[in-house]
Amino acid sequence: MTAMAHLPLSGIRVLDLTAVWAGPHCTMLLCDWGAEVIRVESTQVYQPNTRGHMAKVPQDLPRMRKGWGSMYPDWTPGARPWNRYPVFQSHARNKLSMTADLRRPEGRAVFMELLKTADLVIENNVPETIEKLHVTYEEIVKARPDLIMLRMPAYGLSGQYKNFRSFGMQLEGTTGHTWIRGYADMDASMRDDTFFGDAAAGVAGAYAALLALRHRRRTGKGQLVEMAQAENFIPYLGEAVMDYTMNQRVHSTLGNRHHSAAPQGVYRCKGVEAWLTLTVNNDGEWQAFCNVIGRADLLRDPRFATGIARYKNQDDLDKAIELWTQVRTPWEAAKALQAQGVPAGPVLNDLELVADPQMEAFGYFKELTHLEAGTHKYPGLTWSAAETPNELRTPPCRLGEHNPYVYKELLAVTDETYRVLEETGHIGMDYAPHVP
Amino acid sequence: MPPQALEGVRVLDVTQLIAGPYATKLLADYGADVIKIERPGTGDVSRRLGPFVHDEPHPEKSGLFLHLNSNKRGMTLDLKSATGRKIFLRLAESANVVVESFSPGTMAALGLGYESLREVNPRIIVTSISNYGQTGPYRDYKTSEIIAYAMGGPMHATGLPEREPMKLGGSVIQHQTGAAAATATAMAIWAAESNGHGEHLDLSLFRTQASSQDRRTTMLVGAQYTNENSDRRPPGASTANGIRPCADGYIAIMGAANRFAGVVRMMGQPELLTDPRFDTVVKRSMPDTSEEFDTHYIPFLMQYTKRELFAMAQKNGLPSGPVFTAEDLYLEPHFRERGFWQQVRHPVAGEVTQTGRPFIMNATPWRQTRAAPTLGQHNEEILTSLGYERRDIARLHTLGVL
């Protein structure tokens, strides 16, 4: 319907049962490159944290408790908050949304009919949710013998943690990431939430889907692919893991320091919330660095004569560096350093990144008009392909927006059946009154 | 043995450090024939980076290199020499993919740019991984792990409000760029096998960060919606939410908002739910309330280990995770029983334990087939397949081409 013929995944249909971040990120990447991704949603059950924390968000709450998860347009949830929730809006471009209550026989029948037309089913729920719905690979493969199903729960489909629930920030703990990040001089309980495992799982999930598609095209055979998001993320921590398995050494956090290059850090610049990051990797960069900051005297200081000496004594350098950065804007400092080959860059806030010239050169942000959220720029594609021009096509899908297409065009249900499914709470664009 | 998903795909890998090698490792792990091409004499820079086996610096004992390069074949080649270039082009004739991570423009300067490679192989896929991209005003800027997170990622919103912004741990951003490059490459392989055309992919650390679903994309949408930036927030400001100490370390539990009932149930103190200090979501969102509640909560947590609390929290429906060190992780029965860890025997480094499959493909399995190559290990095997005789190969060694 919306796929463009020249995109590589044009003609591939994905039924998307994903929630929150990791799974939606995966289906976003497939959808960006031409797959038709149909989110299968329900107006009867709220998926926590996917289209917001709750359906009925008090209108004044986001403005009172501002935070990145509550940045509704003008801080206002509006009549249908689930169509304006920024976490959802960040991945749902190009996708389609249909609704059916899979817990009831008619809803399940709709899903099984749709399955016959689909190539992939992708989900990242806790395994028992999929088991309760009876939509495991084993239970649905008969309807589509060459089905590819990608399941990506936090801890996998087996083992003692199979049904344990973790969002990104808790998964970071289990995989060992939390322990090696954060301020070195503060207690671990002062570490805030990061969600890098979601980013990792999304990208690898799309990779897994592509591998399975290739195998299916070569052999005609589908398969079940299982990703434990934790296992996907552990290799990202390779240095810490290898140092333990080889040397039984346990890494702790280095804060903003590098494990061998020095100086590295974050330095206060002129302005409010104005910061520069830099890394000096070797003697050549060190000489250039000292010359740029007008401190050639440091080159003669034995505390900084070698890479190892600089590493040991880098705390002594911080004041000298900040004396130079604090009278410059981050970009003034970064450009002066980069001009002499020293790696440096500003901490860019969101509005700065949206206006960034390099992003402009990519054409990264694209304006889309959403019927319930208005016209805004949205972050775009993860990579460019020279032979395959591509850009965002349609705005984030509204709940149930594509029910007419899915039911009438794909499933060819009669107007009468459509009306009955509406009346019985399968088809709709609003959550049922009992949903909080 | 079942087939692997990327059977029949040959990849020439001229990357080094982390992002490129992780991309090609993912391709190799699922069956691609990856030929890792290194600079004669010194090889991949990561060979000189630790950690080293038994802390002994040695180009064949870098844990980082071993981690990122298993399942690949390795050869040395001086791409700046005319013969080296000729050999590379011969290899490119039968390859599907070239992955490179030089500074933008370097491949073209070597006469090995996308256009040159297309002349010998019209279906070639070139995956370029760079700091900021192949074009644009920042094209020639240098970067690092922390700089990529600062510019592309949500670093401005990571850390404490009264402190400096904080990077993530280790080299996760470089690994993420590698994973994105593997995904883009698989997409281009799929396309090439559909329509016979090649591709030049442009990936960068900067852009991968700006498009990764670790808050940044949400914050970018949110900034458009509100004209405001996100900022750093104090952790644990919401009652019973976040990382807290326990008997043997730390536990992360999500107890905010409607999950508070699960927390007091876990504590065996359900009366706290109706305690006038804690009885509304708004009250529980206040930092002072959180501190007040901690006077009940932390003494409870200190009685149990992080694994015990993980199980107790889960039983009460609370998303949670123990804060594991690498040792905790390695010893954790869940991952051991699932067969995650791999013992890999390397001719110089000996037997090392490495991370296993990122995902399980039931019909086309992940496989650990070979250790990371020693420098130039497969020179003879690869050049022989191109028709070189043993004495030619010896001569190329002497000339420094290999």
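Which residue of β9(A) does A:Thr277 stand opposite?

1. Residue A:Thr277 stands opposite A:Gly345 in β9(A), where helices (H or I, at least four residues) and strands (E, at least two) are DSSP runs numbered from the N terminus. This is a predicted model, in which local features need pLDDT of at least 70 and side-chain atom pairs count only at pLDDT 80 or more, while totals for chains, interfaces and linings use all residues. Residues are numbered from 1 along each chain as its sequence is written, and chains are lettered from A and ligands numbered from 1 in the order in which they are written.

2. Strand β8 (residues 275-279) of chain A pairs with β9(A) over three bridges in the antiparallel sense, a pair of strands being counted if DSSP finds at least two bridges between them. The open sheet has three strands in the order β7-β8-β9 (chain A), with antiparallel pairing. In chain A, β7 (264-268) and β9 (344-346) each have a single partner strand and stand at the edges, so one side of each is left without a neighbour in the sheet. From one strand to the next the twist averages 20°, with axes fitted to C-alpha atoms (for helices over the stretch in contact) and angles running from 0 to 180 degrees between N-to-C directions.

3. Helix α13 (residues 314-325) of chain A lies across β7 and β8 of chain A and runs at about 45° to β7(A). Helix α14 (residues 330-339) of chain A also packs on the sheet, where it touches β8 and β9 of chain A, and its direction makes about 165° with that of β9(A).

4. Between the chains, the contact takes 130 residues from chain A and 125 residues from chain B, two residues being in contact if their C-beta atoms, placed from the backbone, lie within 7 Å. On the side of chain A that touches chain B, α8(A) gives the most, with 16 residues.

5. The axes of helix α8 (residues 196-219) of chain A and helix α7 (residues 172-195) of chain B come within 9 Å and cross at roughly 20°. The two helices, α8(A) and α7(B), are therefore roughly parallel to each other, the classes being roughly parallel under 35 degrees, roughly antiparallel over 145, roughly perpendicular from 65 to 115, and oblique for the rest.

6. A strand pairing also joins the chains: strand β12 (residues 384-385) of chain A and strand β6 (residues 199-204) of chain B pair in the antiparallel sense over two bridges. The bridge partner of A:Ser384 in β6(B) is B:Asp202.
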